Amino acid sequence: MADRFVPGDRVRTRSVDPAGHTRLPRYARGALGTVVERAGVHPLADDRARGLPGAAEPVWHVRFEATELFGTGDHAVTVEVWDSYLEAVS
Amino acid sequence: MSSDHGSSAISERVRRVEALLEQRGVIAAGEVDRRIEEFLAGGSPANGARIVARAWVDDGFRDRLLADANAALPEVGLSMAGGIQEQRLKVVANSATEHHVLVCTLCSCYPIALLGPSPSWYKSEAYRSRVVRDPRGVLAEFGTTLPDDVRISVWDASAESRYMVLPVRPAGTGSLSETELAALVTRNGLIGTALL
C-alpha cells in the first residue's frame, strides 16, 4: 500500500487518551506538525502492549514547533509517531 | 516507563518466564544474562566517537551517514544489529545554525551500542520532561550556552529508532589525525548536551 504521507506534509496528531500503553507522548497530542521522513515500518506499539500482533505500519518523524506544543519557545521537537496516530491536514 | 522495572510483580513474572524458557530448552541457563552482558560490553562512546571522527575527515561518509546511518556504519566496523533485531539509527548533524539534543520522554531509549549504557540523568524524569519544553534552559544547566540565533532541535525517541548527534568539528583541529579527532568527542557531545 502506498504511504499516506510524504516529507513536508502537514499532519495533526490525534487527540486521544487511551486507557493502556501508547507511544504518542501526551505533550504531542492534537498538535500540528510537519512530516520529516519515514522512520521504518513497525507494528503499532499500542497493540503489541495488549498482546495483539499488530499490523506493520509506517512510523514517521514529525517535527513540531515549540509554540504549537507548549505555547512558548523558539525550538522544535521531532517526535517519532506511528501512522495510526496521524490525521492528514488539507 | 523505566521506573516500572523496579516493581516486584513484573520482576517475578520475568524470572518465571525465563525459568520456563530454560526448563523447556528454548534458551540455555543464564543465556539472557550472558547476552545482555555481551551487548553492554560492546557498547561504548568510543564507537560513537569513531563514527564522528570519520564523518569529520570524509565528506562522502558524512553524507552516507546522514542519509542512511545503518548502511554507513559497517564502513567503520560497527552496526546496530547487536540486540534482538537491528535498530534504525538516525544521525543528526549540528551546524552553525542548528543544535540537536536527544531525549526519550516516554522511557529511556538510547543507542547503547554506540554510546554505552546511558547516564542516570538521561533517565531522570527531570531531564525527560524539561528538555522538550525548555532545551535552552536545560543545556545552560549542563554549562552549554548557545547563541540566540542557533535553533535548537529536540529529538524524542518515542518509537523504534535510535539517534546520535554529529557534533561540529572544533576549530583549529585541521592537523589532527582521525584517532586524535575521535579522542575529542565526548558522550554528552553525542547526546547534544555539550559542545566540543
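**Conventions**

I number residues from 1 along each chain as its sequence is written, with chains lettered from A in the order in which they are written. Because the model is predicted, I take local features only at pLDDT of at least 70 and side-chain atom pairs only at pLDDT 80 or more, while totals for chains, interfaces and linings use all residues, and side-chain values use heavy atoms without hydrogens or water.

**Entry 1: chain B overall**

I counted 11 helices and four strands in chain B; helices are DSSP runs of H or I of at least four residues, strands runs of E of at least two, numbered from the N terminus. The C-alpha trace of chain B spans about 60 × 35 × 25 Å along its principal axes. Of the 196 residues in chain B, 41% are buried (buried is under 20% relative accessible area, exposed over 50%, partly exposed in between, with a 1.4 Å probe and protein chains only). I also looked at contacts, meaning heavy atoms within 4.5 Å. Among those in chain B with a separation of 6 or more, 68% join residues 24 or more positions apart.

**Entry 2: helix α3 of chain B**

The 13 residues should span 18 Å, and the end C-alpha atoms are 19 Å apart, which agrees. At the start of α3(B), a side-chain oxygen of B:Ser44 comes to within 2.9 Å of the backbone nitrogen of B:Ala46.

The buried residues of α3(B) include B:Asn47, B:Ile51, B:Val52 and B:Trp56. The elements they pack against include α2 (31-42), α4 (59-67) and β4 (162-166) of chain B. For B:Asn47 I noted 10% relative accessibility, so B:Asn47 counts as buried. Beyond four places in sequence, B:Asn47 is in contact with B:Gly42, B:Leu78, B:Ala113 and B:Leu114.

**Entry 3: B:His100**

I located B:His100 in strand β2 (residues 98-103) of chain B. B:His100 has a relative accessible area of 5% and is therefore buried. B:His100 and B:Ser153 lie 53 residues apart in sequence, yet their C-alpha atoms are 4.7 Å apart. The side chains of B:His100 and B:Trp155 make a polar contact at 2.9 Å. By polar contact I mean N or O atoms within 3.5 Å; within protein, one must be able to donate a hydrogen and the other to accept it, and residues adjacent in sequence count only if both atoms are side-chain atoms.

**Entry 4: strand β4 of chain A**

I found seven of the seven residues of β4(A), residues 76-82, buried. One side carries A:Ala76, A:Thr78, A:Glu80 and A:Trp82, and the other A:Val77, A:Val79 and A:Val81. Strands pair where DSSP finds at least two bridges between them. β4(A) pairs with β3 (residues 56-65) of chain A in the antiparallel sense over seven bridges, and A:Val62 stands opposite A:Val79. Four bridges join β4(A) in parallel to β3 (residues 151-156) of chain B, where A:Val79 stands opposite B:Asp156.

**Entry 5: the interface**

I recorded 22 residues from chain A and 22 from chain B in the contact. About 1,900 Å² is buried between the chains, 44% of it from carbon and sulfur atoms (the accessible area, 1.4 Å probe, that two parts lose on being put together, summed over both). A:His75, A:Thr78 and A:Glu80 supply 27% of the area that chain A buries against chain B, more than any other three residues.

I found 20 residue pairs in polar contact between the chains, both residues at pLDDT 80 or more. β2 (32-43), β3 and β4 of chain A each supply at least two residues of the side that touches chain B. The largest share, six residues, comes from β4(A).

**Entry 6: salt bridges**

I applied the rule of a Lys or Arg side-chain nitrogen within 4 Å of an Asp or Glu carboxyl oxygen. The structure holds 15 such salt bridges over all chains, and five cross the interface of chain A and chain B.

- B:Arg136 pairs with A:Asp74, closest N and O atoms 3.8 Å apart.
- A:Glu37 and B:Lys90 meet at 3.1 Å, N to O. A:Glu37 lies in β2 of chain A and B:Lys90 in β1 (residues 89-93) of chain B, so the pair joins two chains.
- A:Glu87 pairs with A:Arg14 at 3.0 Å. The pair links distant parts of the chain, 73 residues apart.
- B:Glu31 and B:Arg35 meet at 3.4 Å, N to O. Both lie in helix α2 of chain B, four residues apart, about one turn of the helix.

Notes. The expected span of a helix is 1.5 Å times one less than its number of residues.
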